[in-house]
Amino acid sequence: MLEQPSFGRRLRQLRLQQGKSQSELTGPGMSAAYLSRLESGARPPTDRAVAYLAEQLDVPAESFARYSENDLADLVMTLSSRPQGERDGEVRDLLNDALSTAIDVDATTRWEALDLFARQHSALGEFQEECAVLEKLEVMSRELNRPALHVYVLQRIARCCRNLGDMEGARRSAQEALELTRRHQLRVLTADLVRAKLLLISAEAELGNLAEAAALSTEVCESLPHGEGALAAEAYWTASTVRARQGNFSQAFEFIERALAALDSREELTLWMRLRLAAASLSLQSLPPRLDRAEALLTEVEPALKLAGAPRNVQELLLLKAQLAYRQGSMEHSAELVAAGEGDVHLLTYRDQIRFRLLQELLANYAGDPEADHRLRELAADVQAARMPDLSAEVWRAVAESAPVQNSA
């Protein structure tokens, strides 16, 4: 008799490796409820159940034994080849189980499994969990004395810190990645070097070091070998963000339009969608806001997002549509969109989480909530304390404008 919960973990691993759903394994003597309890470890497997499942999966019954090194390696290879849209919480849990139960695994295999695990957390918007896994990867990279891997992990940590609003951590990790590259004279792709610089620019801009960020972004844009493609689009996008932080919206729009023109949807659909969301956000935040442009961009990107967008990008779309409705005076529709997105606010970056909370309180203030103004001022103070001056100014401006909006109702 095989023991639980190891049997359930192994069963789920084998099923997912073959791309099968639970319903595909059900049949006479194997209900969906019983299979689910087997996988969760809630029911011990009978000899008959083991034989049935081995036949359905076309594997020897012995395959349900404990994980081995090869099992973890096979799992990593199998899951890495799956489309991003097919990776979900079940795959994340499977990786977690595999990593916690695998024994006698070489360092390289475990490193690859942790890397995939971190990417899975990122895809699900679980940035705190992603950072925790990346910290383990950084320790392993140091222990393995693999500077190239270390640089790769540091860039990932910088991006994760940025998503969490930890700009000091993002800057520190990006700077260390660039320093390691120089110190060890690593042969890295131009794209990787540029993206490390873009992460540093983003962090410096968020921390208010705008002159330094603008100078470095200009240097990066001028060094691009081509003015088209994903790398150019990312560089122009970053330059646009810096100019917006400086309040130079005319240049910000020039750069974001160059970014939009640099990339075709057939090259990199995810980036193509994210650029349009960024351009719509810039249109809403500019002074004065460009509502028609924002609406056109959201209308353009929405069909693609519904078809192939990551949950985080879908949540970003929802926030932008709610902001647009508010700006257009459609308060009821804006409130409906905000209510629809409340359950997935954690998927957003720190900056967008603040904007979501801001919109919630603006709507509450409009509806006559007497405590909303106090909460708005607390939110503004919190952002100011986080050393994000342009976002703090955006929130304070909204606080100042909210009273007239309410009085006009």
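Accessible areas here come from the Shrake-Rupley method with a 1.4 Å probe. On that basis the chain exposes about 19400 Å², and carbon and sulfur atoms supply 49% of that area. The model is a predicted one. Its secondary structure consists of 20 helices and 0 strands. The C-alpha trace spans about 70 × 55 × 40 Å along its principal axes.

Of the 409 residues in the chain, 50% are buried. Among the contacts with a separation of 6 or more, 63% are between residues 24 or more positions apart. The side chains include 46 positive and 61 negative ones, and the centres of these two sets lie 2 Å apart.

A search of the whole structure finds 3 aromatic pairs. One of them is formed by F7 and F64: their ring centres are 5.1 Å apart and their planes meet at 45°, so the pair counts as tilted. F7 belongs to helix α1 (residues 6–17), while F64 sits in the loop between α3 (47–57) and α4 (69–80), so the pair ties together parts that are 57 residues apart in sequence. Buried means under 20% relative accessible area. F7, with a relative accessible area of 0%, is therefore buried. F64 counts as buried too, because its relative accessibility is 1%.

Helix α1 also holds R12. This arginine has 15% relative accessibility and so counts as buried. Which residues does R12 contact, leaving aside its neighbours within four places in sequence? They are E39, E90, D93, L94 and D97. Between R12 and E39 there are 27 residues of separation in sequence, but their C-alpha atoms are 6.1 Å apart in space.

The loop between α3 and α4 contains another residue to look at, D58. Although D58 is not a glycine, its phi is positive, at about 55°. D58 counts as exposed because its relative accessibility is 70%, the cut-off for exposed being over 50%. Q185 is a further case of a positive phi in a residue other than glycine, with a value near 50°. Q185 is found in the loop between α9 (167–183) and α10 (190–206). At 68% relative accessibility, Q185 is likewise classed as exposed.

Helix α6 covers residues 107–123, has 17 residues and reaches 24 Å from its first C-alpha to its last, close to the 24 Å expected at 1.5 Å a residue. How many of the 17 residues of α6 are buried? The count is 12, and the helix is mostly covered. Among the buried residues of α6 are W111, L114, L116 and F117, and also D115, Q120 and H121. The helix is followed by G125, which has a positive phi near 75°.

Helix α13 (residues 249–262) has 14 residues and reaches 20 Å from its first C-alpha to its last, close to the 20 Å expected at 1.5 Å a residue. Its buried residues are F249, A252, F253, F255, I256, A259, L260 and A262. What do these buried residues of α13 pack against? Their partners are α11 (210–223), α12 (230–245), α14 (269–285) and α15 (291–308).

The peptide bond that joins L287 and P288 is cis, with omega at about -5°.

The last stop is helix α18 (residues 350–366), where D352 is placed. Is D352 buried or exposed? Its relative accessibility is 14%, so D352 counts as buried. Not counting residues up to four places away in sequence, D352 touches E316 and L319.

How values were computed. Residues numbered from 1 in each chain as written. Predicted model: local features only at pLDDT ≥ 70, side-chain atom pairs only at ≥ 80, totals over all residues. Heavy atoms only, no water. Helix = DSSP H or I, 4+ residues; strand = E, 2+ residues; numbered from the N terminus. Buried < 20%, exposed > 50% of the residue type's maximum accessible area, 1.4 Å probe, protein only. Contact = heavy atoms within 4.5 Å. Lys, Arg positive; Asp, Glu negative; His and termini not counted. Charge placed at Lys NZ, Arg CZ, Asp CG, Glu CD. Expected span 1.5 Å × (residues − 1). Phe/Tyr/Trp six-rings, centres within 6.5 Å; stacked < 30°, edge-to-face > 60°.
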